[in-house]
Amino acid sequence: MLLKLLEENMKFSISILFLKFFLFSPVLAEVKLIENLSLGYSEKGFTFGTSKKIKEKISIGIEASYLDPTFGNYIPAKIDGNPINLSNTSFSIFLKKDFKEKESSSNFFLKGGIIFSRLSIKALKDLTKETYSYNGDLNLKCSYCGDLIINSKKEMKITPSVQIGYKKRISNNLDFNIGGGIQYLSIPSLEWETSTSSPPPIFIRSKIDELVDDLNSSAKEFNKFIPNLFLNFEYKFI
């Protein structure tokens, strides 16, 4: 136990030294490998990114986003009355164009990019508590059926995004950015399995297939351009 604790502390210390050297090293600031770092939040979750100016008003950058599965606890949508675990992992490449040519205390900007994302949807339902009708005459329960697990397929989606934002200078090194725009949302297809090794009876499987087919049909109708919002703090190395 003690050795494991020492090992974890060593890993943490090495990580801190790594961040100090690669993110705050004066050498890197001089050669401009990293011009700024941003940290914020959007509809895709917590975001972390960096960018580099390639022309007077134009920057190119990358961002990574992560949305924790517990986010589903805060949305009203349900799958057959059961809470949804919703998570997102995404990576984007973008171009940003400032409206003003010179650095100023405030500025509007246009931001467009391509997002590579994996949206994960998961819901559980206890099949042992359900009552099923068989041949219209019998009401049955399935004590061995376990949990129904509805999962989204592990699909990587590539979608465009366009945003307009406003930057406010807080200090010489720190800016605050806020904005919004539109992006295309494509919901992955859903599939199902159970928590047991044995499949449920055929009359229950048919009900599950019908439910999942209806959910996939609704998802296809929902695929469309949606509004998005973002805010972040951007630290500049000068």
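What follows is a short tour of ring pairs and ring-charge contacts.

Keep in mind that this is a predicted model. It holds 6 aromatic pairs. One of them joins phenylalanine 109 and phenylalanine 230, a tilted pair with 6.3 Å centre to centre and 45° between the planes. This pair links distant parts of the chain: phenylalanine 109 belongs to strand 5 (residues 106-126) and phenylalanine 230 to strand 12 (residues 224-236), 121 residues apart. Is phenylalanine 109 buried or exposed? With a relative accessibility of 3%, phenylalanine 109 counts as buried. Phenylalanine 230 is buried too, at a relative accessible area of 8%.

Now for another pair, tyrosine 184 with phenylalanine 225: the ring centres are 5.2 Å apart and the planes meet at 70°, so this one is edge-to-face. Tyrosine 184 sits in strand 10 (residues 174-185) and phenylalanine 225 in strand 12, so the pair ties together parts 41 residues apart in sequence. Tyrosine 184 is partly exposed, with 28% relative accessible area; the cut-off for buried is under 20%.

| Lysine | Ring below the charge | Distance to ring centre |
|---|---|---|
| lysine 96 | phenylalanine 109 | 4.9 Å |
| lysine 111 | phenylalanine 94 | 4.4 Å |

Definitions and conventions: Residues numbered from 1 in each chain as written. Predicted model: local features only at pLDDT ≥ 70, side-chain atom pairs only at ≥ 80, totals over all residues. Heavy atoms only, no water. Phe/Tyr/Trp six-rings, centres within 6.5 Å; stacked < 30°, edge-to-face > 60°. Helix = DSSP H or I, 4+ residues; strand = E, 2+ residues; numbered from the N terminus. Buried < 20%, exposed > 50% of the residue type's maximum accessible area, 1.4 Å probe, protein only. Lys NZ or Arg CZ within 6 Å of the ring centre and 35° of its normal.
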